[in-house]
Amino acid sequence: MNENSFQEKNVLVVGGGIGGITAALELASCGVKVTMLEEGPSIGGRMIQLDKTFPTLDCATCVLSPKMVEVSLEKNIEILSWSKPLAVKKKGKGFQVTIFKKTRYIDTKKCTACGSCSTGCPVVMKSEFNMNTGPRKAVYIPFPQAIPNKASIDKREDRPCKAACVDACPIHTNVLGYLKHISEGRFKDAYMLIRATNPFPSVCGRVCYAPCEGVCNRGQLDDPLAIRDLKRFAVDQFDVNSLEIPQITRTEKKVAVIGAGPAGLSCAHDLAIEGHDVTVFDALPEPGGMLRYAIPEYRLPKEELRKEIGYIERLGVRIQCGTEIGKDIDLATIKNDFDAIFIATGAPKGLPLGVEGEDLSGVIDGIRFLRAVNSGEKVKTGKDVAVIGGGNTAVDCARTAKRLGSESVKLIYRRTRDEMPAAHEEIEALLQEGIEIQFLTTPIRFYGEGGSLSGMECIRMELGEPDASGRRRPVPIKGPGFSIPVDSVITALGQATQTAFTEAIGMSPAKNGTIEIDPLTGATGIEGVFAGGDVHTGPAYVVDAIAAGQRAARSITLYLKGEEIKPANARKAPEKLSETEVAELMKRYPSLERIPMPEKKVEERVTNFGEVAIGYSPEQARAEASRCLAGRIEGCIQCGECERLCEVGAIDHTMRDEIVDLEFDSIVLAPGFDLYDPTEKREYGYGTLEGVITGMEFERLSSVTGPTGGDILLKGKVPKRFYFIQCVGSRDRQSGARYCSRVCCMYTAKHINIILDRIKEPEIYVSYIDVRAYGKGYEEFYKTTQERGAIYIRGVPGEITKAESGLLVRVEDMLSGEIREIQVDMVILATGVRPRKGIEELCSIMSLERDEYGFIRADSINPSRTNVEGIFVCGMGCGPKDIPDTVASGGEAAARCMEYINQ
Amino acid sequence: MKTGIFICHCGHNIKHTVDVKKLSEYFKKIPNVTVSKDYVFVCSEPGQDMIKDAIEKEGLDRVIIASCTPSLHGPMFKDVLRKSNLNPFLLRRVSIREHCAWVGNDVEANTEKAKRLILAGLYSSAHYVPLEEKIVDVQKSALVVGGGVSGLSAAIFLSKMGMHVYLVEKEAALGGHVRILKDVWPAGRDGKGIVEEMAGELEKQENVEIFTSTTITNFEGFFGNYEATLKTPEGEKRLTVGGAVLAIGFSPFDPGIKPELQYGKDKRIITTLEFENNSDTLRLPEKPRVAILHCVGSRDEQIGKPYCSRVCCVNALRVGNALKDKHKESYVESFYMDVRAHPKGGEEFFEDTQEKGVLFTRANVGEIIPTPSGVVIRGEDTLFGETFEREFDLVVLSIGMSSPKDCKLIANTFKIALDKDNFFMEAHIKLRPFDTAVKGIFIAGSCSGPKDVEESINHGRASAVKLFGLLNLGYTYVEPFISYVDPKRCSGCRMCEHACFSNAIKYDEEKRVVHVEEAACMGCGLCNATCPSSAISLRGYIDPMIDDEISGFTEAI
């Protein structure tokens with residue numbers, strides 16, 4: 001005999017339960033190389049799902065997890081999780097096995113099992129580990145002791161849409177994710193997800209220009225999602241003041257932010273979370289910039305803004321208002337006192353129209369007008385008001401003038417409605433409120449008497465060739481002008497920056513007054529000085545300013561750490577669905593109209609500054625959010641939240657399933673078992689009556705790793721009265737199993753002891769046919785269970801129905817002959833053992849014989865031997881066994897396998 | 001002294017309820033602590049590299065890892081030290097996950113406790129010295145005690161794998177109880193045929209020596225090199241073996257212990273084993289009336305047999321079946337408590353037996369009264385709550401399994417433990433059902449509790465593969481935690497010799513002091529605790545170490 005010839009041999013163990021683990025460890029300890037296939041994410045099998053083991057009431061996890069760790073550390077064992085054999089071919093004495101490896105979409109070399117991916121994942125699914133009684137995320141680790149302890153992503157299909165919304169959003173808000181949360185009623189989670197990348201959710205939920213909606217792929221089917229309105233809904237469900245402050249580790253670095261607008265404050269917010277000491281300076285008396293002083297109350301209530309800024313202050317940011325840089329403090333002084341500077345002074349100056357009579361009293365620029373109104377100054381507009389311009393500021397001015405009591409308000413715009421830069425819904429609201437727009441008109445002169453305005457002279461325009469912005473340029477029509485009598489004119493033609501103060505540190509702003517930066521990092525030409533927002537771009541949108549602030553914060557942190565200032569990874573441009581894709585999706589998802597945002601009536605709203613948009617009801621919000629195509633699929637929606645949260649970059653959505661061919665000298669099968677599904681036993685009401693559960697579900701309910709953390713609860717309350725029914729799906733021809741499942745009598749006794757240990761004075765009944773306590777220490781355990789007060793009733797209940805309080809069990813007690821009616825809170829069905837799902841396929845690819853019930857046929861004198869030479873079976877694969885018997889059969893299978901490969 | 005302290009967050013596990021930052025900051029200020037760091041996963045590769053770096057750069061001579069339970073990742077962290085050229089016994093593990101973080105949610109209290117535990121570890125580890133694990137050669141030979149199906153299975157496997165096997169059977173023939181079974185259920189085969197086939201397979205092997213009519217008189221030594229003394233018909237024989245599988249089976253329950261059964265006093269009252277062997281010679285009438293009593297010698301606390309014997313229900317069914325097959329017109333009634341037809345195919349067998357006409361009565365049998373016309377059974381029907389009295393021509397007692405007669409002797413010889421019912425005790429009832437507390441000594445089959453044929457075969461091979469795994473390495477590490485004697489303090493009282501479990505203490509008649517046989521010492525510390533003159537210490541666990549560890553818990557901080 002060639003001594004130790006088995007040491008170069010390879011054995012395949014199929015199944016990672018206690019049977020497979022035993023066999024694998026024994027083989028490995030003899031020097032054999034073992035490949036362990038596990039169909040699920042972790043080894044541990046059924047045993048790791050148990051709370052305790054009988055008769056010693058040892059914690060199953062405590063007993064088994066060291067063995068699992070042993071497997072993972074054993075050099076001779078390689079675990080292939082999410083894997084199963086597809087085909088087996090005999091090759092000499094051994095086998096060639098084709099193995100299917102399902103991908104985790106996780107680089108297991110990088111994953112540290114920290115769990116942050118799961119925390120953020122917005123897709124909530126049922127946990128198989130918890131017998132579907134509790135939730136898990138689409139990216140998950142089934143239980144803390146899992147081996148391999150690596151996350152997996154449960155991706156069932158590709159996302160039907162392109163998630164153009166996320167790509168279009170300057171701050172890449174996880175739209176898919178928060179819509180998924182809202183559609184399933186998790187409003188706070190939705191809020192937190194929005195908050196994760198946006199320090200001003202209540203602002204963006206109201207006044208964002210929503211580039212996401214413009215590109216929403218559902219819009220190609222019917223209507224785009226109401227993404228902004230749903231954000232507003234999520235925001236309304238939650239009080240910012242109750243938000244907890246995260247743990248912050250201080251860095252002792254000081255950063256100055258110039259300008260308390262959205263860019264400056266967003267930057268300050270992110271810097272504070274990084275632990276830097278941040279001071280924000282602003283010239284105006286209150287922080288908020290344009291949000292505070294330009295946007296009218298009816299669109300963005302000041303109180304909402306104050307709360308958002310309050311949170312930023314709670315993060316430790318100091319806001320010093322009423323301090324103008326260049327006047328109150330010199331920028332050079334700030335540069336000396338701080339480690340870095342972010343300039344975000346915006347574009348606070350209204351641009352003049354440049355026509356005669358602009359200095360007349362009664363002509364005011366829009367920004368000044370709005371600032372005055374928002375500062376609470378008493379502003380009087382005339383009877384007839386004309387607002388010059390077509391942007392959002394112009395619309396805001398017009399609607400504000402209306403609310404201030406002006407009889408007639410007109411908007412004068414030099415192009416047509418199609419070219420108006422104001423948001424579509426704002427223009428609609430404006431028209432609804434009775435404000436007229438005079439298109440293709442421009443004033444050329446204001447006139448009046450005694451320095452007061454009395455009218456303006458206008459000319460007609462027509463559209464010419466497109467200009468640099470792509471809009472058609474207005475060209476004056478030759479001919480006489482005409483007069484419009486007005487007593488107030490508000491000009492809203494654009495804004496400019498004020499950047500002269502930067503010269504103190506040697507900066508030279510561009511001709512138009514903007515500061516030039518690297519748009520990807522926010523860095524200016526001067527070390528340690530960054531800028532962004534309107535001061536760089538000229539007037540733009542809130543969300544762009546937030547994005548600029550965040551970009552700068554990231555760069556500043558890198559700068560303060562002394563690292564290279566690299567831009568964040570660029571995102572792809574928003575994509576459209578192809579026509580075929582649209583057609584396919586239309587078939588799958590019938591058309592659903594967008595739910596309009598409820599608003600106050602026009603008559604009511606024009607009289608005051610109360611908020612116009614009322615907000616969705618929870619039902620409306622859920623219905624609207626569930627229109628999102630991404631949320632319609634099972635499993636991972638590829639929203640990218642896990643990628644954002646994973647610190648080690650372990651998520652890889654490009655990974656693919658693999659099929660590999662491997663050769664083995666022998667195979668040990670340990671496929672394990674499933675449990676009988678008692679739904680077909682209608683008389684017990686499983687699945688229809690609340691409180692009727694299976695033994696395995698009870699196991700998860702009482703386990704600390706279970707959905708309740710180990711508290712035995714029913715509808716949130718501790719049940720007191722329990723009824724156990726044994727032999728459900730065992731010793732029962734009707735259910736197709738004449739055999740005894742060998743474990744249910746004892747696991748019932750174990751459950752009773754768990755209840756007796758944890759619940760005070762419970763009432764416990766057990767229905768049985770024979771109590772089969774045959775193993776070592778089992779009979780004694782059964783005796784103790786009876787002595788501790790469990791009432792054993794010989795007889796099987798006829799039916800379970802709903803009772804006044806709880807459930808009513810009708811049972812004939814065969815010992816006394818009487819029919820008893822017992823009221824209980826919870827019924828636990830001791831369901832029997834069934835062959836593992838998929839065992840048929842396994843046997844067919846290996847040409848294995850099965851017995852009448854479907855278990856793998858083995859021989860009682862050569863217990864692990866199957867009909868195929870070289871393939872051995874252990875554990876429940878060949879019939880019901882308890883844990884010690886499974887361990888013994890695992891060892892036996894290993895021994896026979898050793899003998900076979902040593903021949 | 002340069003100690004490095006590494007505190008693990010264990011992801012959220014520890015960090016969530018223990019302030020790890022506070023801990024690492026605190027220990028930075030303690031004397032003799034050169035490095036104090038916290039890290040998200042000390043067990044991860046970067047975590048291990050961090051330790052290695054610190055050892056190499058800072059010249060650490062003690063490493064404390066405050067993380068999960070020491071039994072987890074123990075060998076791995078020892079390896080980290082080895083790879084950094086530091087003796088692995090200079091590592092101290094402190095469990096702040098199981099002992100602090102998982103205990104409750106009170107961050108302050110948990111952190112305080114963790115601080116104490118680490119401090120205790122720090123004080124204790126100051127006394128650590130480098131220790132060496134010795135390597136000892138292992139004999140590639142095995143002793144198998146018992147020639148029943150379990151012992152035969154073990155012997156066949158070991159010999160086929162190339163081990164030299166000594167099989168010892170106290171009876172003249174191999175085969176144990178299975179040899180006398182006529183019809184082994186569910187195989188449907190003659191027991192003699194089965195065991196002879198197995199014995200034949202074993203005898204074919206060259207490296208096997210079988211000793212029948214032989215007993216073991218002595219067994220000593222240590223794993224890898226045990227010395228066994230056999231008493232064979234040819235005289236005494238001494239063997240050196242690496243390890244042993246004990247498969248000494250069971251003894252059938254003797255119903256004579258229960259006088260109310262009248263067993264032995266009337267020939268019409270027999271056991272299942274006797275029925276098995278003499279069913280042809282029983283002089284039964286044409287339509288015999290037969291009673292079968294379950295649970296004789298099982299589930300009976302009064303006679304000290306509280307356990308279920310696991311196999312007797314099926315044995316009772318076999319009797320009923322055999323009677324019905326032979327005498328169609330017979331009246332067969334089985335008196336039972338529960339019918340435990342649990343093995344594979346058992347339930348179907350039970351149903352078939354009922355269909356053949358065997359009656360099953362749930363009853364407590366009170367007494368058996370032999371009369372000239374028949375044997376009367378008096379008892380209580382526990383289903384109907386009525387007493388009954390019925391007359392039979394034959395009463396078959398389905399007897400249980402009792403612990404083997406030699407259990408105490410063998411347990412003493414091999415220094416293994418017995419359970420409350422005098423069966424051998426396994427190291428862990430669930431996951432280590434073949435292991436004992438003594439390295440290299442395994443137990444198999446019904447000597448650790450009642451088992452049927454299939455289960456005994458499983459046990460035989462499963463225990464053998466475990467022993468093989470150990471022996472096949474060819475060497476073993478001897479843990480360095482062993483006792484040593486200060487001969488100057490030893491008074492030669494020899495109390496330690498009695499305390500020692502593993503015969504490791506040897507007395508020197510000449511010098512009148514003891515010394516420790518290092519390879520045999522298991523490091524249990526019993527001698528250490530017993531010695532009245534504090535002459536014995538345990539390497540790696542010396543008294544000052546423990547004193548200082550305690551002061552780490554108690555001192556004011």
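**Exercises: packing and contacts in a two-chain model**

The crossing of α9(B) and α10(B) is left-handed (the near helix is turned anticlockwise from the far one by less than a right angle). Helices here are DSSP runs of H or I, at least four residues, and strands are runs of E, at least two, numbered from the N terminus.

This is a predicted model: local features need pLDDT of at least 70, side-chain atom pairs count only at pLDDT 80 or more, and totals for chains, interfaces and linings use all residues. Residues are numbered from 1 along each chain as its sequence is written, while chains are lettered from A and ligands numbered from 1 in the order in which they are written.

**Exercise 1.** Describe the packing of α9(B) against α10(B).

*Solution.* 
- Step 1: Recall that two packed helices are described by the angle between their axes and the distance between the axes.
- Step 2: Helix α9 of chain B covers residues 312–326; with α10(B) the angle is about 35° and the axes are 10 Å apart. Axes are lines fitted to C-alpha atoms over the stretch in contact, and angles run from 0 to 180 degrees between N-to-C directions.
- Step 3: Find the residues. α9(B) brings V314(B), L317(B), G320(B) and N321(B); α10(B) brings G346(B), F349(B), F350(B) and T353(B). Contact means C-beta atoms, placed from the backbone, within 7 Å.
- Step 4: Sort them. Four are nonpolar, four polar and none charged. Ala, Val, Leu, Ile, Met, Phe, Trp, Tyr, Cys and Pro count as nonpolar, Asp, Glu, Lys and Arg as charged, and the others, Gly among them, as polar.

**Exercise 2.** Describe the side of chain B that touches chain A.

*Solution.* 
- Step 1: Chain B gives 51 residues to the contact, and chain A gives 53.
- Step 2: α6 (149–160), α10 (346–355) and α12 (453–472) of chain B each supply at least two residues of that side.
- Step 3: The largest share, 14 residues, comes from α12(B).
- Step 4: By class, this side of chain B has 24 nonpolar, 13 polar and 14 charged residues.

**Exercise 3.** Why is chain B called more spread out than a compact globule?

*Solution.* 
- Step 1: Count the elements: chain B has 15 helices and 27 strands.
- Step 2: Its radius of gyration is 31 Å, well over the 24 Å that the globule rule gives for 557 residues, so chain B is more spread out than a compact globule. The radius is taken over C-alpha atoms; the rule is 2.2 Å times the number of residues to the power 0.38.
- Step 3: Along its principal axes the C-alpha trace of chain B spans about 95 × 60 × 45 Å.

Note on methods: Two residues are in contact if their C-beta atoms, placed from the backbone, lie within 7 Å.
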